[in-house]
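Please work through the exercises below with the sequence and the structure at hand. Each task is followed by a stepwise solution.

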Amino acid sequence: MQWEIVIGLEVHAQLSTHSKIFSGASTAYGAPPNTQASVIDLALPGVLPVLNKGAVERAIKFGLSVGAKINSPSIFARKNYFYPDLPKGYQISQYELPVVQGGTIAIQIDGAEKTIHLTRAHLEEDAGKSLHEDFHGMSGIDLNRAGTPLLEIVSEPDMRSSAEAVAYAKTLHALVRWIGICDGNMQEGSFRCDANVSVRPRGTEKLGTRCEIKNLNSFRFLEKAIDYEARRQIEILEDGGAIRQETRLYDANKDETRTMRTKEDANDYRYFPDPDLLPVEISASWIEQVKSALPELPQARRDRYVAEFGLSAYDAAVLTASRETADYFEAVVKQLPAQAKLCANWIMGDINGQLNKEGIDISACPVKPSQLAALLTRIGDGTISGKAAKTVFESLWNGELDKNVDAIIAAKGLKQISDDSAIEKIVDQVIAANAQQVADYRAGKEKAFNSLVGQIMKATQGKANPAQVNAILKKKLDS
Amino acid sequence: MFNASLKQLSIQLAGKKISSTELTSEFLQRIQQLNPEYNAFITVNEELSLAQARAADQMIAAGQAGPLTGIPIAQKDIFCAKGWLTTCGSKMLSNFVSPYDAGVIERFNQAGAVNIGKTNMDEFAMGSSNETSYYGPVKNPWDHAAVPGGSSGGAACAVAARLACAATGTDTGGSIRQPAALCGISGIKPTYGLVSRYGMIAFASSLDQGGPMAKSAEDLALLLNVMVGFDARDSTSLQREAEDYARDLQKPLTGLRIGLPKEYFAAGMSNDVASAIEKALDEYRKLGAQTVEISLPNAPLAIPVYYVLAPAEASSNLSRFDGVRYGHRAESYSDLADMYRKSRAQGFGPEVKRRILIGTYVLSHGYYDAYYIKAQKLRRLIAQDFADAYQQCDIIMGPTTPTVAFNLGEKSGDPIQMYLSDIYTSAANLTGMPAMSIPVGFGDKNRPIGLHIIGNYFKEAQMLNVAHQYQLATDWHNQSPV
């Protein structure tokens, strides 16, 4: 039987506010345990939550970016359960009327675009951390993270493969960073995925029983966990078994998922509106204000790059993978509007390659857009060859000669010989010295031509403009 | 001196006839003497109180005194006060010394008032007799066999027995007004949102409201002037222009229309209460007011609605008491679930457990719509009844409680009977309207009777005027059990 995998994702994006969602404590990562937990985060008797407006604003920003409905009023609710790192014994979250309802995200998959629908995105507070090591049979609790604002983004079960799920997660990841609501740092847990996975016979409508895989903190784990889980479910079904609805954990070391809790021991969270927080009215003017401050979104830029610069959809997608990359591209292309493809190739090739190799972000790229533009200008005007440009690029990267392109070209003697008469002189010398090859060429051996070009380039130490060399040599030989 | 009103003491302090240190010492001495009998205070801390008294004396000397500077005020043990044991009447918090001040405590501190001690109360404010306190019951100063009411039983007792000049209380279903009535003092629950709930340990967040308890309406006005104010740390705190709650005290009552809900003058009210209320209404008619019969058709539903919503919120509010970060933790346990189970089983008393169970039940999957949602809808209907009633009258009156104080132990085995103590009072919490109780005489066994005055939203100044005019014409509020 042919099986179809059905995937929906829940993504927890940590919002980039400086203070927590219901207290004034700092959200900075990595402080000593419990030094960033105020009396409110500790849930001392009598303390009350006060909503951080910045968190709501970020949720609105997200909603507008995905074309969602912004609910007003929006309501905060208590999700009740006991756990030591949950200080109040309930998590303040949203149940009915989340800030963001609906919306879509377009992903690129196999060169085509696919639309993934969002169910909702709601605000909630993060829990603290339980530390099970170093306490000799006891557990430690660190409440620094308690109360950190999260936007939980829930998709519809619209994805049909792990590749689609990863493409969606990456697009979402780029978007939340693009609009500046989340730093996207997956190691620090700023962007975490839970995947709901089920399988069904291809061609059928009814969804299979799903399992939720928790806390996937890298795109690779997301992909592998989904693949493993789908295989597991298919095997059970093909053996005549049934899938049990449960929550599972992915073990990266063993590359497998295993049961965390079954539906039977699921909590009844007893959601009800938090009486300490009033319904949040989100006015049309506030929404308008947030909208006017939104940057141009990735999708809009992709479309513009295709229309304005004639780039391929693929190039446009690569360049808009992050706002920093897109901004870099724009800064370069601004100075070379006619050479957009050249700019794109250099950024996607040499720049990205070198950045990846050294593990740095484009925002920290040692070659600034103006320097790359200066380099590309010299290729365009024929001052240097594409090959010499690689040498200049290396010097720029290494910070030589104040990163002055012309100074580097001069110092390294990379300037091309573009003077027809100078080239002609050398061509004549080479023709004279290589009678055999000339004869071979004229006898129809095309290869001999390349050999002659090689001789000319060697004679000019590679500085002759190859296009001119080709043209002059051909003219002389064919005449 | 102990019988003096807050206003009189304030004048004496300002005129340097007495110092706050002297006054505070006198009250501390009296507490030391009499509290073992009354059990009105859970914590007395002479050092902290006297330090505040000395600071108040300096404020007075520097000419920076306000009406409350140097006045000893008893704080209900539900308000977190920095450096003070703050127990909420529970074993669960029997080891909790607050590291911070509640909004109300801050306001009293800024006004230079002296915290004379933390008063006894029903555990987590759940009770109408002060018998659910981990620290034991409080006696009614008028009759030591009777309960003082609750949950602010210690506060009411402290004021009535002259152990403090005034006290704070909190009122979720009647916890200021019912003990005020049973102890023969005055108490007001302001409009929801006027007094900060920050640092006031939550019982039912949408119903809880702090307020003052004192010997007279005039004193209540002075206390409200300090207690009321916006607090950004409480999202339900109201941002309004400050008002002087004493400004209308002297207004005549001519033309005042007093609404008498027929539902509150029905079966259930005892004869002694009915006759005292009738006499009080006669007095009002003499003062120029007129009475009109009104109807609050949904008012009888207030108790069932209250006993769905209050436990629902409480069950969640009390989840933080888990023995993990502070408070009582069982000495031995086998694992995490066992630690929770034992700590909470040991830390909470039976009434608190009962309400957590009720609340957990009504919020449970499959019951939420039938109980919680329906109760919220009825709550809206009850509020609409009051809105309609205020088309026909300016203020509403009735009995605060159906009977005078019952005996200690009389109802503690029968929760339903106990819950009915709040039959007249809980509607004001459900609607958020201000309501108060003033003493209007004595009934069975010479125990005090309270008149319940309910006002429209933000009508505290008018209510205090109505109460004050009565107290100018009568003497019930000056009667002392000691």
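Predicted model: local features only at pLDDT ≥ 70, side-chain atom pairs only at ≥ 80, totals over all residues.

Residues are numbered from 1 along each chain as its sequence is written, while chains are lettered from A and ligands numbered from 1 in the order in which they are written.

**Exercise 1.** Describe how helices H1 and H4 of chain A cross.

Step 1. Helices are DSSP runs (H or I, at least four residues), numbered from the N terminus. The axes of H1(A) (residues 53-65) and H4(A) (residues 284-292) come within 10 Å and cross at roughly 70°. Axes are lines fitted to C-alpha atoms over the stretch in contact, with angles from 0 to 180 degrees between N-to-C directions.

Step 2. H1(A) and H4(A) are therefore roughly perpendicular to each other (65 to 115 degrees).

Step 3. H1(A) contributes Glu57(A), Ile60(A), Lys61(A) and Leu64(A) to the contact, and H4(A) contributes Ile287(A), Val290(A) and Lys291(A). Contact requires C-beta atoms, placed from the backbone, within 7 Å.

**Exercise 2.** Characterise the side of chain B that touches chain A.

Step 1. In the interface, 25 residues of chain A are in contact with 36 residues of chain B.

Step 2. Helices H9 (302-317), H10 (336-347) and H11 (350-363) of chain B each supply at least two residues of this side. H9(B) gives the largest share, three residues.

Technical notes: Parallel < 35°, antiparallel > 145°, perpendicular 65-115°, else oblique. Contact = placed C-beta atoms within 7 Å.
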